[in-house]
Amino acid sequence: MTAKTKIVLDADVIIHFVKAGQFSLLPDIFPEYQYLILDVVYDEVTVSRAMKTQIDNTLTFFAARITNVKFEPKGESRFEYARLRNTLLLGKGESACMVYCRDNKDVLGSSNLRDIKEYCSLNQITYLTTLDFLYYAFIRKKMTKEDVDAFMVEVVAKGSKLPAVDIERYTPTSQL
């Protein structure tokens with residue numbers, strides 16, 4: 001039996017969904033996928049009590065579909081992780097997510113296109129941004145246009161950056 005493809009979430013996507021109060025919606029957008037949060041990403045995003053509580057509650061409630069996993073690269077993957085961290089100066093979380101996705105042929109959930117786009121392209125890693133998740137939530141009728149607009153307003157009001165887009169005209173970065 002072939003292992004199920006996973007969506008490995010980086011900090012920015014998690015933070016956007018938590019800020020909008022919609023983190024528990026993530027597993028419903030692509031129920032056919034398993035979602036993972038690597039321990040290094042979990043450590044990055046659970047610095048505030050409120051964020052930790054929301055993430056922990058979702059991990060408990062959706063344990064069958066979203067899990068926290070220890071990132072333990074071995075062999076060449078350890079060197080690749082170190083290279084991304086030290087040479088390209090990427091963060092722990094995004095470096096871990098990219099190496100994990102490369103090694104396991106999984107999907108990366110990250111909006112940090114400046115840091116991930118080239119690496120993902122070179123390593124044939126499919127990636128989804130926050131806007132992609134919102135687009136698919138809209139297309140799959142998990143959110144209305146008004147819900148998406150409110151999500152974006154809320155996230156920006158809480159200090160994150162998201163481009164203003166009309167979700168009905170948005171073109172996703174990846175097709176799943």
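**Note on helix 6 and strand 2**

1. The cover of helix 6 comes first. Its buried residues (buried: under 20% relative accessible area, exposed over 50%, partly exposed in between, 1.4 Å probe, protein chains only) are covered by elements including strand 1 (6-9), strand 2 (34-38), helix 3 (39-45), helix 5 (76-86), strand 4 (107-109) and helix 7 (113-122). Contact means heavy atoms within 4.5 Å. Helices (H or I, at least four residues) and strands (E, at least two) are DSSP runs, numbered from the N terminus.

2. This is a predicted model: local features need pLDDT of at least 70, side-chain atom pairs count only at pLDDT 80 or more, and totals for chains, interfaces and linings use all residues. Residues are numbered from 1 along each chain as its sequence is written, and side-chain values use heavy atoms, with hydrogens and water left out.

3. Helix 6 is largely enclosed by the rest of the structure, because 10 of its 13 residues are buried. They are G93, E94, S95, A96, C97, M98, V99, Y100, C101 and R102.

4. The length of helix 6 (residues 92-104) checks out. The expected span is 1.5 Å times one less than the number of residues. That gives 18 Å for 13 residues, and the end C-alpha atoms are 18 Å apart, which agrees. K105 follows helix 6, with a positive phi near 55°.

5. Strand 2 is covered on both faces. Q34, L36 and L38 are buried on one side, Y35 and I37 on the other.

6. Strand 2 pairs (at least two DSSP bridges between two strands) with strand 1, parallel, over three bridges. Y35 is the bridge partner of I7. Strand 2 also runs parallel to strand 3 (residues 66-69), joined by four bridges. There, L36 stands opposite T67.
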